[in-house]
Amino acid sequence: MAIDLVLRRDWHARAPHGDYTQLDSTKGVKVHYTGGRVEPGILADHAGCVSLVQSVQGYHMDGNGWIDIGYSFVACPHRKVFEGRGLHHLPAANGAGLNSGHYAVLGLVGNAGLVEPPDGLLNGILDAVEYVRERGKAGKEIKGHRDGYSTDCPGEPLYAWVKRGAPRPGGGGGGPEVPTAPPFPGRLLKYPPVMQGEDVRTWQQQMKVRGWEIEVDGAYGSGSRDVCRRFQRSVSIEDDGIVGPTTWRLSWEAPLP
C-alpha cells in the first residue's frame with residue numbers, strides 16, 4: 001500500500017513562523033507519542049485525528065515557541081500520515097542536539113485513553129518510515145524518543161514495539177516476523193499475595209521456554225516476580241514485577257537474546 005499522505009494544506013496547517021533548517025540525510029527515524037491523553041473516540045472519527053494534529057501544532061508554536069509542529073510526520077489509527085515539517089526539514093521534537101540525527105514521527109497514542117497502538121497506526125508509522133527512506137535519505141534506524149533523551153516517550157506499548165524491531169502488523173514487511181502471544185488473560189499477575197491459575201502456569205512455561213530458571217507450578221510468588229523483573233529489564237520496560245498486557249505480549253514476541 002502506498003502512503004496515504006495528508007498534505008499540510010489538507011489538514012489546514014498553519015504557516016511556519018520562519019525558515020526550516022535543511023536536513024540532507026539522517027540515520028533513520030525516532031518514534032514519539034503525545035505524552036498526554038488521547039481520546040479513544042478518534043478510532044471511529046478521523047476528524048478527531050485532524051483536530052488533534054492541529055492542537056499539537058498550536059501547542060508547539062504558541063507554547064514552545066517553535067516555528068512549526070515539531071514532528072516530520074504524524075501517523076493516525078486510520079493509517080493516514082500527516083505531513084508535518086516534511087522531508088529534508090530539521091525536526092524539533094527529538095531534543096536539543098539530536099534533531100539532525102533522525103526524522104521525528106509521532107503516533108497518535110498517549111499516556112491515557114488510547115494507549116495501545118492499533119495496527120492502523122503502526123502501519124502508518126512504517127509507511128512514514130518507508131517514505132523518508134525512499135525520498136528523504138533516511139537510514140535504517142527506528143528508535144524511540146527515549147533512546148538518547150531522558151523521557152518516557154514514546155510510552156511503554158509503542159516503545160516495546162520499537163524494541164521488537166518495529167514489525168509490520170500481519171507480517172507484511174517492515175520488520176522481522178515474530179511469534180504471536182496468546183490473548184492476555186485479563187488480570188494482572190502480581191505478588192503479594194500469591195496468585196494461582198492456569199494463566200500463571202502458561203506464563204511460567206513461556207518464561208522457561210525462553211531460558212529463565214523458574215518453577216512451573218501455577219503459583220505467582222516471589223520467584224516468579226523476580227523473574228518477571230529481570231525479564232522486564234532485559235526488554236527495557238518498567239521493572240515492576242507485574243505481568244500486565246505489555247509484559248505478557250513481550251514474553252512471546254520479544255526477540256530472544
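1. Helices H4 and H6 cross in the left-handed sense, meaning that the near helix is turned anticlockwise from the far one by less than a right angle (clockwise would be right-handed). The model is predicted: local features need pLDDT of at least 70, side-chain atom pairs count only at pLDDT 80 or more, and totals for chains, interfaces and linings use all residues. Residues are numbered from 1 along each chain as its sequence is written, and side-chain values use heavy atoms, with hydrogens and water left out.

2. Helix H4 covers residues 198–209 and helix H6 residues 245–253; their axes come within 9 Å and cross at roughly 40°. That makes H4 oblique to H6. Angles under 35 degrees count as roughly parallel, over 145 as roughly antiparallel, 65 to 115 as roughly perpendicular and the rest as oblique. Axes are lines fitted to C-alpha atoms, for helices over the stretch in contact, with angles from 0 to 180 degrees between N-to-C directions. Helices (H or I, at least four residues) and strands (E, at least two) are DSSP runs, numbered from the N terminus.

3. Which residues of H4 meet H6? Asp-199, Thr-202, Trp-203, Gln-206 and Met-207 in H4 touch Trp-248, Ser-251 and Trp-252 in H6, where contact means heavy atoms within 4.5 Å. By class, the residues of this contact are four nonpolar, three polar and one charged. Ala, Val, Leu, Ile, Met, Phe, Trp, Tyr, Cys and Pro count as nonpolar, Asp, Glu, Lys and Arg as charged, and the others, Gly among them, as polar.

4. H6 also packs with helix H3 (residues 156–163), at an angle of about 10° and with the axes 10 Å apart. H3 and H6 are therefore roughly parallel to each other. Glu-156, Pro-157 and Ala-160 of H3 contact Thr-246, Arg-249 and Leu-250 of H6.

5. Strand E2 (residues 26–32) has six of its seven residues buried, so the strand is largely enclosed by the rest of the structure. Buried means under 20% relative accessible area, exposed over 50%, and partly exposed in between (1.4 Å probe, protein chains only).

6. E2 pairs in the parallel sense with strand E8 (residues 138–144) over five bridges, and Gly-28 stands opposite Glu-141 in E8. E2 also pairs in the parallel sense with strand E6 (residues 102–107), over five bridges; here Val-31 stands opposite Val-105. Two strands pair if DSSP finds at least two bridges between them.

7. Arg-8 lies in the loop between strand E1 (5–6) and E2. Is Arg-8 buried or exposed? Arg-8 is buried, at 15% relative accessible area. Leaving aside neighbours within four places in sequence, its contacts include Tyr-20, Asp-68 and Glu-83.
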